[in-house]
Amino acid sequence: MTTLVRDYLVRAAKAMPKRIAFYEGERSIDWATLNERACRFAKALQTKNIGKGDVVAILSHEHIEVYEAFHACLKLGAPRVGVNWRYSPKEMLYVIQNSKAKVVLVQANCVPLMGNVAEQLISEGVLLIGYGGDHNLPYDYQELLAKSDGKVDLPVLENDDLAAISYTSGTTGSPKGVLLSQHALKDAMINTVLNMGLTPDDVWYAPTSSAWITFVLITMNTVNGMTSVLPEGDFNVDQYFEHINKRKVTVTIMVPLMMRRMIQIMEETDIKIPSVRLITYGSSPTTPQLIRKAAETFNCDLMQMYGVTETTGGWICFMRPEDTERGLNGEDHLLRSCGRPALHFDIEIRDDNGAALEPNTSGEIWLKSDTLMSGYLDLEEQTKEVLNKGWLRTNDLGYLDDEGFLYLTDRKNNLIITGSANVFPSMVENVLDEHPNVAEVGVIGVPHPEWDEAVVALIIAKDKAAFDCDEMVAFSKARMAKFEVPKHIVLVDELPKGLTGKMLKKDMQAMFKDGRLSVPWDLA
């Protein structure tokens, strides 16, 4: 018998029918009702000849209907695709057409964002279903459910069948569709819950977007029956605290950008979050200074995690609270680590020729796990570049120490080669972030006539008027190698970031290429 995620929903509906599966503001849905409505939508889709293998796209903010539809897709074996509402109409159309979606579920307030895309999709025979207000689309979600008897004919599904397609953020060209199997999805959910130590009694809050791979995080409550809290449309800083305290959230996740904002608010107000026992964080590297500040402010356990889309959102490494405590109590180097690999992963550090490296030697991170993607949609060559004999090449650089802790040094394509020396931007950022007048910092390589590339730092200062570049250079020279010291520092008001809070290094470099920012040497 092959147990799939869809089976866990049925079991939750039977074992804990009245337990709340999702809170969304004043709305809520229990496990029994979630299962019943998912069955109704699945049957409604079947009556429209949508079944196993047919892609269903979802364009919406964060609402309960998104997760009803997701579970309906799992029942049918219909791969689910998230479409980001922040995309331009052209980008939305690309994702929908590239995934060959036959159905698009659209929240009413997202319809205007589509421009003429809706009309084009209707002309191509795509089923457009609206919900949540006046949408003027051919089908209405609530009407479909009302007319459905919920007696869905469940197809036979195998481990390798497709469960979802998650598009990368597309910072280097068009987004890539990452193919995620039924087994990879289940394995990612179960092992993430186990490694985070989540129980059925926890209240889990992932205030993120289901358009990305983070839909796995939001819905992993399926495998243990805990309650998840949704951000009532989208993340809002004031609502975040309100939701935590109203629903007595016990575990939540943040990205570093959120963490900085939460700390600032809690320092400026009397807001407390007494129900929270664990804060997890990830998505982009977190500096030791920020971790120390978080420990002082939040007064709960902290756990850093490292994962990539190509592992089905299954987190690869976990910096457990006890190891974070070691870092806070004298073993400072541990605060630069993202933790030890979870036991459902094999991990190796390899050189450019694919040979395994010794501990404490930096190279590319290679992974093997049942959670690995099946490949990139319609991108055979790019799939071959990253999947090699059951291993995934992550394009992330790092090293393992003698205790098995993983340290990320940077993305391979972010590496700065200045003269003959390799500089990892994240290492420089960690040092500069320790300066008392630095709010945020991003480090990139900029073309240089003598050194090929020069280290350049873009800094958001806490007090711009008091910022002293010469003093910052002196601060850097005392703490890093000569070739790592920034050759130029630029004060900026903001740093370009993607939707998950990661700094967009290529966008930062583009600011010098197009003249928005300058350096004191010739870029020609």
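## Aromatic contacts

With a relative accessibility of 34%, Phe235 counts as partly exposed (buried means under 20% relative accessible area, exposed over 50%, partly exposed in between, with a 1.4 Å probe and protein chains only). The model is predicted, with local features requiring pLDDT of at least 70 and side-chain atom pairs pLDDT 80 or more, whereas totals for chains, interfaces and linings use all residues. Residues are numbered from 1 along each chain as its sequence is written, and side-chain values use heavy atoms, leaving out hydrogens and water.

Across the whole structure there are nine aromatic pairs (rings of Phe, Tyr and Trp, the last by its six-membered ring, with centres within 6.5 Å; planes under 30 degrees apart are stacked, over 60 edge-to-face, the rest tilted). Phe70 and Phe215 form an edge-to-face pair, since their ring centres are 5.4 Å apart and their planes at 70 degrees. Phe235 pairs edge-to-face with Tyr240, at 5.6 Å centre to centre and 65 degrees between the planes; Tyr240 is buried, with a relative accessible area of 1%. Ring pairs also link Tyr205, Phe235, Tyr240 and Phe241 into a cluster.

## Cysteines

The count of disulfides is zero, where a disulfide is a pair of cysteine sulfur atoms within 2.5 Å. For Cys317, which is in no disulfide, the nearest cysteine sulfur belongs to Cys338 and is 4.6 Å away. Cys317 is buried at 0% relative accessibility, while Cys469, at 35%, is partly exposed.
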